[in-house]
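Please load the model in your viewer and keep the selection panel open. This tour tells you what to select next and what is there.

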Amino acid sequence: MSIRVIIKYRCLLRFLLPLCLVISGFNVNAQKAKTRQQPDTSHLVAMDSATISKNITAMAKDSNRVKKSDTAVSILINRIESYTLMLNELMSSLKRGFDTTRISAEIPLVDTSLALIKYNIAVLGRTPNINDIYTNKVMLDQLQRKLNSWQGALFSYYDKLVNINDTIHSLRRDTSMRNIPSEDELYGFYVGQLTNLVLKFRAVDSVNKVNLISIGLLQNKIANRYIEVSNLYEDMDYRLEQFSTHMFERDYRYIWKPHRDSINPLEFFPVVKNSLHKSTKVLVIFFSIQWPVFIIWLLLAAIFASWVFNNIRRIRQNHPDQEGEAILQHSQYLYRFPAACTVIFVTTLSSVLSVRYPILYTEIIWILTMIALTFIFRSNLPKTLFKNWLLMMGLLLVYCLNNLLIEVTYAEQWGLLICAILAIIVGSRLLKESAMTTFAQPKYTRPVIKLFIATSAFSLLLVIFARVSTAKIMGSSAVVNTVLALNLYILVKILMEAVYLQVEANKNSSTFISFMDYQDVQKKLKTFLTVMATVGWLIIIARNLYLYDAIYEAIKNFLSTSHHIGNSDFTFSSVIIFLLVIWVAFVASQFIAYMFGNTGQSTGPVKKTKFGSALLLLRLVVLAGGILLAFAASGIPMDKLTIVIGALGVGIGFGLQNVVNNLVSGIILAFEKPIEVGDVIELGTRSGVVKEIGIRSSKIAAYDGSEVIVPNGDLISQQLINWTKNNRSRRVDFTIGVGYGSDVKQVTDIIKSAFVNHEGIMIVPEPLVQLFQFGDNSVNFRVYFWISDLGTAGTMQSEVLTYIYNELNKAGIELPYPQRDLHIRSVDELLLKNWDKPATDPGDLKKV
């Protein structure tokens with residue numbers, strides 16, 4: 001017995017068992033009522049308050065059943081109040097929470113869908129259309145999901161009703177209600193309150209029984225339809241399996257055979273008319289069932305379009321006309337064709353993400369996509385390539401019509417033959433043009449075109465050998481797969497352009513997008529989108545060849561099969577989930593560091609980020625959470641994690657001391673915060689700006705353009721100078737000497753004047769000029785001043801020295817050269833004689 005049959009019987013038993021219990025409960029209660037001698041429920045027979053009050057009074061006279069007490073007054077009043085509130089809440093819940101009108105109103109739609117599917121199955125001939133069978137399966141799958149959701153809701157309602165029934169009948173078992181007040185006034189008040197309580201009880205019980213009956217009847221209707229849908233779904237699976245088994249067997253006459261040898265002669269136009277009528281009805285019913293999905297796609301299109309138009313508007317507002325237009329021109333498609341790009345975005349995602357659509361809806365999506373692409377290519381492709389594109393469009397339209405036909409006709413067979421020949425010709429022309437044209441084309445253009453030619457040739461052979469149904473699939477797949485490959489390539493470019501516009505529109509803002517460097521993001525984003533587009537294209541190929549379900553089940557079985565290594569059991573799905581979650585956590589950690597840290601792209605002074613070392617803690621939390629989530633999501637027992645930690649401890653003892661030291665040092669850096677991203681530091685002989693504080697190591701951007709990777713342990717263990725721990729101000733000092741005899745006061749005044757009204761030089765602390773020392777050749781002054789930004793230290797010192805030099809020259813104050821006394825101990829006598837007389841002989845000069 002298959003799993004699907006077991007599920008059907010379980011669903012049937014799930015419905016029948018509560019119903020049988022309710023019926024048997026009614027029978028048991030009826031038998032007990034017949035055999036019971038004492039009238040325990042006589043006070044519940046009448047519905048009017050007067051009769052109930054009279055019955056309560058009569059019961060109060062029976063001392064065997066009711067006790068009179070004055071001490072139980074407060075208990076009775078509290079019980080009556082609590083039961084009254086409880087019954088009010090139950091009545092409110094019964095009136096508010098069990099509305100099944102929507103389910104009842106949609107049952108006729110389910111019946112109409114089932115009738116249409118039965119009709120489609122009844123008219124299937126000896127050469128049924130695989131698209132028609134698959135459409136029936138899609139419809140049945142949607143109905144099965146809807147009925148299953150209804151069953152879940154009804155069973156939930158039924159459980160609530162049963163709980164309410166148990167709750168209200170638990171009131172009868174409360175023995176404390178048999179105590180009544182002995183005082184007449186309290187007794188009358190008690191009888192009145194109890195009468196109201198009984199009335200509420202009977203009302204709630206009555207409504208609950210009505211709801212139980214209506215829910216049971218509705219469950220019966222839904223269960224019958226669910227069983228019918230399941231049987232039809234099994235039939236469609238069987239037909240698809242039979243088609244897969246016999247897909248390469250002859251299903252029609254040979255094309256060269258005369259008409260009298262036809263296996264199943266039919267007229268072309270009546271088949272077209274019936275096929276379009278049937279597909280239209282299927283589409284209308286599908287829209288009726290799945291209309292929320294289409295609303296979501298429309299909202300997504302509106303959001304994407306508004307996002308693009310808003311970014312274009314902001315770019316124009318933030319830049320002059322010519323500059324803004326130059327920025328927008330980098331968007332080749334999105335700026336010039338926003339409406340067409342929006343259509344491509346939504347329709348392509350609809351085709352890739354959802355594979356459970358009727359064939360007519362899928363073909364409408366294809367046609368809308370092709371119209372949008374044609375509108376774009378009209379002004380972007382060379383004339384020769386555009387003509388070939390129009391031929392591909394014509395082939396696509398023919399195959400779209402052909403996919404809707406219920407049965408094979410002689411005209412369709414010839415049409416498939418002609419289309420296959422035309423596809424081969426168009427593919428050959430495209431292959432030739434791709435080798436000769438200078439037009440920029442996708443990287444894998446030629447392999448895709450060769451696959452298109454090969455698939456079309458295979459379709460031609462299948463038509464010739466009377467495998468018409470399979471030839472239809474191959475021919476249609478050849479055209480659709482080629483066109484959608486180009487469509488996905490354009491979609492990747494559109495998404496890249498959308499990100500480009502977003503970055504350009506927010507460059508001058510304070511949002512995290514302003515930190516992004518598009519050139520850096522572009523490479524990673526393009527790779528990711530290309531991989532996703534490739535996966536989407538493979539999904540489309542599998543769907544067009546009707547291999548998606550088989551491949552999906554094969555992959556699912558392969559991943560879910562348990563494997564054994566020693567005492568451990570694992571599945572490949574758990575391994576993939578484990579690696580995927582860790583990879584996502586690592587990417588998220590890198591993304592946090594990139595978006596909120598310093599990217600190192602700025603050429604000006606780097607400002608300290610407000611997030612500081614908290615980024616490191618956040619990254620550690622993300623990674624640690626990712627590892628724990630990976631263990632939990634993959635189903636790996638947590639005791640295995642303790643084994644890994646134990647093995648890690650052994651590894652620490654044998655050679656991971658430095659790694660663990662750096663990891664712990666990273667945590668210390670995050671908590672103590674001796675440095676933060678953007679700080680200017682000196683570590684040994686190295687100085688630079690902290691670019692990133694990592695988990696194991698940190699990056700320092702040196703002033704010579706290099707990037708120094710420093711282990712976190714060195715930042716903790718070595719002496720470290722942080723110039724920007726509290727602020728970016730810094731003291732600058734230098735020494736200047738003047739000649740002996742200079743006026744000290746005048747020199748001091750000239751030096752101090754260099755700091756007056758000088759932007760960037762701080763007034764407090766004020767600049768300081770001191771007579772430092774009397775040197776060998778000059779009187780030396782020591783100068784100290786503070787600047788607000790250490791990044792301008794070199795520039796400030798140069799400007800101050802230039803000013804002082806010019807002012808000292810104007811004042812005639814000498815900046816002396818170094819002076820040295822030369823003492824000669826011995827000199828050659830010949831040299832002295834030649835030095836005293838004039839050197840007229842050239843030979844003497846040579847000797848000298």
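**Before you start**

This is a predicted model: local features need pLDDT of at least 70, side-chain atom pairs count only at pLDDT 80 or more, and totals for chains, interfaces and linings use all residues. Residues are numbered from 1 along each chain as its sequence is written, and side-chain values use heavy atoms, with hydrogens and water left out.

**Stop 1: salt bridges**

The whole structure contains 12 salt bridges (a side-chain nitrogen of Lys or Arg within 4 Å of a carboxyl oxygen of Asp or Glu). Select Arg225 and Asp111. Their closest N and O atoms are 2.7 Å apart. Arg225 sits in helix 6 (residues 184-245) and Asp111 in helix 4 (residues 101-122), so this pair links distant parts of the chain, 114 residues apart. Helices (H or I, at least four residues) and strands (E, at least two) are DSSP runs, numbered from the N terminus. Arg225 is buried at 17% relative accessible area, while Asp111 is partly exposed at 31%. Buried means under 20% relative accessible area, exposed over 50%, and partly exposed in between (1.4 Å probe, protein chains only).

Next, pick Asp235 and Arg239. They form a salt bridge of 3.2 Å, N to O. Both are in helix 6, 4 residues apart, which means about one helical turn between them. An α-helix has 3.6 residues a turn, so residues three or four places apart point the same way. Asp235 is partly exposed at 24%, and Arg239 is partly exposed at 27%.

Now go to Asp789 and Arg728. This salt bridge spans 2.9 Å, N to O. Asp789 lies in the loop between strand 12 (779-787) and helix 23 (793-810), and Arg728 in the loop between strand 9 (720-722) and strand 10 (730-738), so the pair ties together parts 61 residues apart in sequence.

**Stop 2: helix 8**

Select residues 321-328, which make up helix 8. Which residues are buried here? They are Gly324, Ile327 and Leu328. These residues lie on the same side of helix 8, because they cover an arc of only 95 degrees around the axis (taken from the directions from the helix axis to the C-beta atoms).

**Stop 3: a nonpolar patch**

Show the surface of Phe558, Phe572, Ile576, Leu580, Trp583, Val584, Phe586 and Val587. Together they make a nonpolar surface patch of about 750 Å². Patch residues have over 30% relative accessible area and no salt bridge; nonpolar side chains (Val, Leu, Ile, Met, Phe, Trp, Tyr) are joined within 5 Å, like charges within 9 Å. Areas come from the Shrake-Rupley method with a 1.4 Å probe. Helix 17 (residues 572-596) gives the largest share, 7 residues. Phe586 belongs to helix 17 and is partly exposed at 45%.

**Stop 4: cysteines**

How many disulfides does the structure hold? The count is 0 (a disulfide being a pair of cysteine sulfur atoms within 2.5 Å). Select Cys341, buried at 0%, then Cys400, buried at 5%.

**Stop 5: backbone geometry**

Ala466 has a positive phi of about 65 degrees although it is not a glycine. Ala466 lies in the loop between helix 13 (445-464) and helix 14 (468-505), buried at 0%. Asn757, also not a glycine, has a positive phi of about 55 degrees. Asn757 is in the loop between helix 22 and strand 11, exposed at 79%.

Finish at Val764 and Pro765. A cis peptide bond joins them, with omega about -5 degrees. Pro765 is in the loop between helix 22 (744-753) and strand 11 (768-774).
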